[in-house]
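Here is a short tour of a protein model, written for someone who likes to check coordinates while reading. Please keep the viewer open and follow along.

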Amino acid sequence: MPVKNRFAELLPEITEWRRDIHQNPELLFDLPRTAAKVAGLLRDFGCDEVVEGIAKTGVVGVIKGKTDTSGRVIGLRADMDALPIIEATGLDYASKTPGKMHACGHDGHTAMLLGAAKYLAETRNFDGTAVVLFQPAEEGGGGGRVMVEEGVLERFGIQEVYGMHNLPGIPLGTFAIRPGPMMAAADQFQVVVTGKGGHAAKPHEGVDTTLAAAHIVVALQQISSRNVDPLKQVVVSVCTFRTETEAHNVIPQTVFLRGTVRSLEAEVRDYVEGRFRAVVEGIAAAHGATTEIKYERGYPVTLNAPDNTGYAVDVAQAVSGRVDTTVAPLMGGEDFSYMLNARPGAYIFLGNGDTASLHNPAYNFDDNAIPFGASWFAGMIEARMPAA
């Protein structure tokens, strides 16, 4: 694939963009510098249209091919936001903003898609229209949902959409993808258990919320182990257990629990929410306590369409020759799922090598992955809209 040679040439320039973004991380929808840099580069490349301010700080670039007899429009998406993490890499291009870090590689995703946009604007060796989507607020803000709700897919006539994420732990330049569920639905909950506080030496005079909450935590684990088909993947994690007092001799009046539920199928997702409420309310009642439950649906399942997965595999195979099509789904969440709910497409992983894991203070995107990722982005446009 000729794309690979061009991206080897562009690697120093793309790396410079990536490291500049890495040094200046921004969070959620508050991406003024990152968005301005992306928009400025797209204009420099000669994109036919550059639109800013979608989902507050999202940026869209439109690149027309040499011909447009097909009338086809393909979208490519990259996320731009960082995380509220203190960087611990010690790199000379480490974050200059305390408490903010590109610990998930979105700087790399943005740089790779910028590189693909530069190449596509130079060559225009396709029949149709390429739309590059630079999205804010993937890390918990649902920027993908907001872009969809604001009509970005309809506005630019996007018919198919593709996305990519780097993945530590698989060899550099290797791709991994599967049809169907690729990443999990990510829901979250808050539970308040209320009883009757009192002196720890007289537990019979109160309603021990710590005990009730502890039973709730244990019982919730039975949802995945005893209530859901063992061939279906579900994660129920209670991540916060907090009482209203830290005294050694006080039974607290209230206990607060927070956590997350992950699932890969809509039916299982619905069932688990209902079972969760029944378990929490039943256990609390058995202990004489009451509960308040706030259960929020988060990102839906990231679902790869079978045909589009095949197209993505073909391009990945042409780029690197190393494609794992049996990779297991990840139980992490991804808001590219909103775009895949609205349009057929696929989401692929790109190996980052033996590096620290995502969301880790020591994580760093490997710039040597750039030619592979940028080639795949550009290759999807040329393969799905071949030159007439």
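## Overall fold

Of the contacts in the protein between residues at least 6 apart in sequence, 82% join residues at least 24 apart. Please keep in mind that this is a predicted model. The protein has ten helices and 16 strands. Its radius of gyration is 24 Å, close to the 21 Å that the globule rule gives for 388 residues, so the protein is as compact as a globular protein of that length.

Along the principal axes, the C-alpha atoms fill a box of roughly 80 × 45 × 35 Å.

## Surface and charge

Buried residues account for 54% of the 388 residues in the protein. The accessible surface comes to about 15700 Å², and carbon and sulfur atoms contribute 52% of that area.

## Around Cys104 and His106

Cys104 sits in the loop between strand S3 (73–79) and helix H3 (106–123). Is Cys104 buried or exposed? Its relative accessibility is 6%, so Cys104 counts as buried, the cut-off being under 20%. Leaving out residues up to four places away in sequence, Cys104 touches Leu83, His109, Glu139, His165, Asn166, Leu358, His359 and Tyr363. For a sense of scale, the C-alpha atoms of Cys104 and Ala278 are separated by 36 Å, and the two residues are 174 residues apart along the chain.

His106 lies in helix H3 and counts as buried because its relative accessibility is 1%. Which side chain does His106 join through a polar contact of 3.1 Å? The partner is the side chain of Asp79. Again leaving out residues up to four places away in sequence, the residues that His106 touches are Asp79, Met80, Asp81, Glu138, Glu139 and His165.

## Two backbone angles to look at

Most residues other than glycine have a negative phi. Leu28 has a positive value, with phi near 50°. Leu28 is found in the loop between helix H1 (3–23) and helix H2 (32–45), and at 38% relative accessibility it counts as partly exposed.

Lys56 also has a positive phi, near 75°. Its place is the loop between strand S1 (49–54) and strand S2 (58–64). With a relative accessibility of 62%, Lys56 counts as exposed.

Key. Residues are numbered from 1 along each chain as its sequence is written. This is a predicted model: local features need pLDDT of at least 70, side-chain atom pairs count only at pLDDT 80 or more; totals for chains, interfaces and linings use all residues. Side-chain values use heavy atoms; hydrogens and water are left out. Helices (H or I, at least four residues) and strands (E, at least two) are DSSP runs, numbered from the N terminus. The radius of gyration is taken over C-alpha atoms; the globule rule is 2.2 Å times the number of residues to the power 0.38. Buried means under 20% relative accessible area, exposed over 50%, partly exposed in between (1.4 Å probe, protein chains only). Contact means heavy atoms within 4.5 Å. Accessible areas come from the Shrake-Rupley method with a 1.4 Å probe; for residues, only the protein chains shown count as cover. A polar contact is a pair of N or O atoms within 3.5 Å; within protein, one must be able to donate a hydrogen and the other to accept it, and residues adjacent in sequence count only if both atoms are side-chain atoms.
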